[in-house]
Amino acid sequence: MALIEVKVPDIGDFKDVAVIELLVKVGDRVAAEQSLITVESDKASMEIPVSHAGVVKEIKVALGDKINQGTLLLLLEAESAASSEPAPAAPVPIQVPSPAPTGAPLAQVTGGSVQVLVPDIGDFDEVSVIEVMVKPGDRIKVEQSLITVESDKASMEIPSSHAGVVKEVLVKLGDKVGKGSQVVVLEVAAGAVLAAAPAPAALVVSTPAAALLPDRVMPTAALPPHEPNAPKAALPHASPSIRRLARELGVQLGEVPGSGPKGRITQDDVQGFVKRVMAGAVQTAAQQAKAPAAASGGGAFPGLLPWPKVDFAKFGPVERKDLSRIQKISGANLHRNWVLIPHVTNHDDVDITELEAFRVQTNQENEKSGVKVTMLAFMIKAAVAALKKFPQFNASLDGEQLVLKSYFNIGFAADTPNGLVVPVIKDADKKGIFQISQEMGDLAKKARDGKLGPADMSGACFTISSLGGIGGRYFTPIINAPEVAIMGVCKSSIEPRWDGKQFAPRLILPLSLSWDHRVLDGAAAARFNVYFGSLLSDFRRIAL
């Protein structure tokens, strides 16, 4: 068998393209025209095929290498008696529309107006408009892109032949256009000379080896070389530069929701996904695979024993009951928050004797108003004051940045027949005790009736979880991500306290502040707790 040197064929005007993927290894048996490597410029990617069938004996390039026409890729032991120097296999060509003949008009003049038409786009009869880049009143330059169109295989931008002001846009998103379709009407300067038809950016034709493309090309997702029979519909819609960014960040593009036209994944989409993962707002498929799987018997993390499977019925009568919708949603969120946030909890006691007396008196004096002031309303106002004094508690972690908020929305845990929910008092800094109490009552009723909407439970800066009506002394409330702290409150009780002369009965409220150790430290938490307690001990401080 002959030993063949496989080299890079003619790849056009592209120099020093990077090897981004090796598709074979030493010992692999390859078929003629099978792809060997994937290379990428800053605008597009392509696969380099082999001209002969054979066995890979040695690979001469590595990931990150820069290659050009003639670069030696590998040594192949050919399976036929072919010449040891065969003609190099050419990459599958792209179909590029032929430019319009010199002087061929692209626009039709009507007075001072020009109708810009779609030029010759090759064999594509109808393509969809996926982006409109201009609007009436815009001043545009020659060759400025007007719209983006896309077939089921590729996309391209349609440029303008003239400079001028857009009078009317004649297409909209989703329209089908072809050669000669009207795009926009331009108001051009008097005496403007009609230009020949500018060649549109080449359409990328999906082939087993998509060629490297010129500037305006926005290639669609090519089939992965290691999955030649994979369905195209399942592939993420992203350009080569975005794919390269995703590889550098270790992101699986299939998990990133695209915000561009037709779900195209943008740079912001990739970076935003990474930030959300780092903040614990979303889990990757790999993270989810490691999550507890009680139903399937999987382990929570590598090295842990699987969840025990028990036939409970053999020990006695049992009844099975589905988790409520709230339990399913809150359970997943609470588990994520507990696992991803390093919780620390500070416990403290606060004397609320005077504040409780004031609350009772207030309710007696305003009994006819129908609004019952609760201790939680005072706590919400105290939380606002504490957040203003310690702004690092009114924050959220977003990747490697801390988002400091200038608004004060306070969540409070509400008990319902189906489980706990957290309605939010918006702009609590702008509301008084009576208004907060009224709004809390309304939200709590909506919660019990199952009528809370997403807007009622979003946007909180800080949460208070009160078990005051039930009992208990201290507990560790779980932080409600993306917040960085939560205040837990248990049932107050009468206790003897030394006043300097004697023991006197005082009403004591237990506090439990959980905080995110990635953002806060013990000293800050202690100061926050002390200040919060001082406001409840003497509510006159709220006015200072």
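Trainee: Is D456 buried or exposed?
Mentor: This is a predicted model, and the reply rests on a computed area. D456 has a relative accessible area of 18%. Buried means under 20%, so D456 counts as buried.

Trainee: Where does D456 lie, and which residues is D456 in contact with, leaving aside neighbours within four places in sequence?
Mentor: D456 lies in the loop between helix 7 and strand 25. Leaving aside neighbours within four places in sequence, the contacts of D456 are V422, P423, V424, L443, K446 and K451.

Trainee: Which residues have the most contacts inside the largest nonpolar core?
Mentor: That core has 52 residues. At least two residues each come from helix 6 (375–389), strand 21 (410–412), helix 7 (433–448), strand 25 (462–466), strand 26 (485–489), strand 28 (503–516) and helix 8 (522–537). Helix 6 gives the most, with 12 residues. Inside the core, the residues with the most contacts are F462 and I464.

Trainee: How many residues does the second, separate core have?
Mentor: This core includes V24, I37, V50 and A78. A78 also has a place in strand pairing, as G54 stands opposite A78 in strand 8. The number of residues in the second core is 21.

Trainee: How many bridges join strand 6 and strand 8?
Mentor: Strand 6 (residues 54–59) pairs with strand 3 (residues 29–30) in the antiparallel sense over 2 bridges, and there the bridge partner of R29 is V55. Strand 6 and strand 8 (residues 72–78) also pair in the antiparallel sense. The number of bridges between strand 6 and strand 8 is 5.

Trainee: What kind of aromatic pair do F358 and F378 form?
Mentor: F358 is in helix 5 (residues 353–365) and F378 in helix 6, 20 residues apart. F358 is partly exposed at 43% relative accessible area, whereas F378 is buried at 2%. The ring centres are 6.1 Å apart with 65° between the planes. Planes over 60 degrees apart count as edge-to-face, so the pair of F358 and F378 is edge-to-face.

Trainee: How many residues apart in sequence are the parts that the pair of F378 and F539 ties together?
Mentor: The rings of F378 and F539 have centres 5.1 Å apart and planes at 90°, so this pair is edge-to-face. Both residues are buried. F378 lies in helix 6 and F539 in the segment after helix 8, so the parts tied together are apart in sequence by 161 residues.

Trainee: Which residues do ring pairs link into a cluster?
Mentor: A search of the whole structure finds 9 aromatic pairs. The cluster linked by ring pairs consists of F390, F393, F462, F528, Y531 and F532.

Trainee: Over which ring does the charged end of K389 sit?
Mentor: The charged end of K388 sits over the ring of F408, 5.4 Å from its centre. For K389, the charged end is 5.3 Å from the centre of the ring it sits over. That ring belongs to Y531.

How values were computed
Residues are numbered from 1 along each chain as its sequence is written. This is a predicted model: local features need pLDDT of at least 70, side-chain atom pairs count only at pLDDT 80 or more; totals for chains, interfaces and linings use all residues. Side-chain values use heavy atoms; hydrogens and water are left out. A nonpolar core is a set of buried Ala, Val, Leu, Ile, Met, Phe, Trp, Tyr and Cys residues joined through side-chain atoms within 4.5 Å. Buried means under 20% relative accessible area, exposed over 50%, partly exposed in between (1.4 Å probe, protein chains only). Helices (H or I, at least four residues) and strands (E, at least two) are DSSP runs, numbered from the N terminus. Rings of Phe, Tyr and Trp (its six-membered ring) pair if their centres lie within 6.5 Å; planes under 30 degrees apart count as stacked, over 60 as edge-to-face and the rest as tilted. A charge sits over a ring if NZ of Lys or CZ of Arg is within 6 Å of the ring centre and within 35 degrees of the ring normal. Two strands pair if DSSP finds at least two bridges between them. Contact means heavy atoms within 4.5 Å.
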